[in-house]
Amino acid sequence: MVVAVFLSSLLGTMAIGMPIAFALILSGVALMIHLGLFDSQIVAQNVINGADSFPLMAVPFFLLAGEVMNAGGLSRRIVGLAMALVGHIRGGLGFVVILAACLIASLSGSAVADAAALGALLMPMMLKSGHGAGRSGGLIASAAIIGPIIPPSIGFVLFGVIGGVSITKLFLAGIVPGLMIALALCIAWLLVVRREDIQLPPRRSGPERIRAFADSLWALFLPVIIIVGLKFGVFTPTEAGVVAAVYSLFVAMVVYRELSPGQVFDVLVSAAKTTSVVMFLVAAAGVSAWLITVADLPGQLAAMLDPFMDNQLLLMAVIMLLVVAVGTAMDMTPTILILTPVLMPVVKQAGIDPVYFGVLFIINNSIGLITPPVGTVLNVVCGVSKLTMEDLMKGVWPFLLAELAVLVLLILFPELVMAPAQWLAR
């Protein structure tokens, strides 16, 4: 009955169009009334406590770094480097999208920011070369979701805070799976592009490639600084967000000189607006998280999953299917905030490594960003490229299946996640 009250109130308020943050608060209130625990002071206290976490300070700084990256020329130079390296081969622009997505992901940690940058910079080039609009948009959307997987990742920060898991370990564990998804996208792109009649860009000369590399070198230093700093304990993930923001501002204003002091205010306002949405969601989820614990929803879920508790493989498969289903109807951030406190006790009880689960959970949520009907990244690509959702959905399916195949592979072989993570953490 407790589960029914929570889900019906949450889904009901969302169905009538209420913002998810308010739906989370009201579902918590409904659960409190059902349990006879309603107290407005408890609601207010949990809203405040929900956002009162030092590691969450990384979120606004990583979001600011992403805004600066797009406004200050870092994204454009990364795309220019990818074009110089692989733009001339058959289907090369698709490989440019994937390579640029991996590089930009290591700067921003946000799929939405990456989708906006890749769509604006590369969609016109792909159309001019003769690639189909839906297929090009589908690849851009699918590549953009690498953003929350390769560190730094806002998704990992939220999961680490809510689930009590080391954010540094999550960052390091996400590198290889993110590259595996990139490889899967390359294979899928090779299969779908071979029938297209496309115009290939000219091959860049050696000096041109060197100039492109030199031009993007300052941008490429940022992921190196973050990963090396985390591995050797120079700074925490929260401090890494500050480093990313300050470094990107320095490069954009002093080195590339594409971000003027007058533009900084607009960048700060844009980052603040996005941060306010994310942090209010986190604060609102504090009410639901407290009620989930008090009502022992994890215990009830564990009882429902009891037939699978002795088989970690089957349990992970069932949980991932659940997350896939939720991801089709809910955005990434609220899914993390709602499901993490429910699933983590079950995962720990079954003896599954929390870092391994966290990586697969975030990958699954990232894939949810390109699944209808919500598909936040799909909407961003539609807006940037002026595509209809129907055309984009036709083009995204091959790449969506490739990413789901990687997820299945990681479920079957956990060492693909844990072995590289343990080596990187040494």
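Helix axes are lines fitted to C-alpha atoms over the stretch in contact, and the angles between them run from 0 to 180 degrees between N-to-C directions. Helices themselves are DSSP runs (H or I, at least four residues), numbered from the N terminus. The model is predicted: local features need pLDDT of at least 70 and side-chain atom pairs count only at pLDDT 80 or more, while totals for chains, interfaces and linings use all residues. Residues are numbered from 1 along each chain as its sequence is written, and side-chain values use heavy atoms, with hydrogens and water left out.

**Stop 1: α2 and α3**

Select helix α2 (residues 20-35) and helix α3 (residues 40-51). Their axes come within 11 Å and cross at roughly 140°. The two helices are therefore oblique to each other; angles under 35 degrees count as roughly parallel, over 145 as roughly antiparallel, 65 to 115 as roughly perpendicular and the rest as oblique. α2 passes α3 in a right-handed crossing, a term used when the near helix is turned clockwise from the far one by less than a right angle, left-handed being the anticlockwise case. Now show the side chains: Ile25, Val29 and Met32 of α2 make the contact with Ile42, Val43 and Val47 of α3. Contact means heavy atoms within 4.5 Å.

**Stop 2: aromatic pairs**

How many aromatic pairs does the structure hold? There are eight aromatic pairs. Rings of Phe, Tyr and Trp (its six-membered ring) pair if their centres lie within 6.5 Å; planes under 30 degrees apart count as stacked, over 60 as edge-to-face and the rest as tilted.

Select Phe22 and Phe280, an edge-to-face pair with 5.4 Å from centre to centre and 70° between the planes. Phe22 belongs to α2 and Phe280 to helix α14 (residues 261-294), so this pair ties together parts that are 258 residues apart in sequence. Phe22 is partly exposed at 43% relative accessible area, and Phe280 is partly exposed at 32%. Buried means under 20% relative accessible area, exposed over 50%, and partly exposed in between (1.4 Å probe, protein chains only).

Next select Trp218 and Phe250. Their ring centres are 6.2 Å apart and their planes stand at 55°, so the pair is tilted. Trp218 lies in helix α12 (residues 206-231) and Phe250 in helix α13 (residues 237-255), so parts 32 residues apart in sequence are tied together. Trp218 is partly exposed, at 35% relative accessibility; Phe250 is also partly exposed, at 39%.

Then select Phe62, Phe156 and Phe171, which ring pairs link into a cluster.

**Stop 3: a charge over a ring**

Select Arg77 and Tyr256. Arg77 lies over the face of Tyr256, 3.7 Å from the ring centre. A charge sits over a ring if NZ of Lys or CZ of Arg is within 6 Å of the ring centre and within 35 degrees of the ring normal.

**Stop 4: α11 and α20**

Select helix α11 (residues 175-193) and helix α20 (residues 389-412), whose axes come within 9 Å and cross at roughly 140°. That angle makes α11 oblique to α20, and the crossing is right-handed. Among the residues that meet here are Met180, Ala184 and Trp189 in α11 and Phe399, Ala402 and Val406 in α20.

**Stop 5: Val264**

Go to Val264 in helix α14. Is Val264 buried or exposed? Val264 counts as buried, at 15% relative accessibility. Leaving aside neighbours within four places in sequence, Val264 is in contact with Met253 and Leu259.

**Stop 6**

Select helix α16 (residues 312-327) and α18, the latter covering 354-367. They pack at an angle of about 30°, with their axes 9 Å apart, which makes α16 roughly parallel to α18. Their crossing is right-handed. The contact includes Met316, Ile319 and Val323 of α16 and Phe357, Leu360 and Phe361 of α18.

Finish at Ala350, in the loop between α17 (332-349) and α18. Ala350 is buried, with a relative accessible area of 11%. Which residues does Ala350 touch, not counting those up to four places away in sequence? They are Met309, Gln312 and Leu315. The C-alpha atoms of Ala350 and Met309 are 5.6 Å apart, although 41 residues separate them along the chain.
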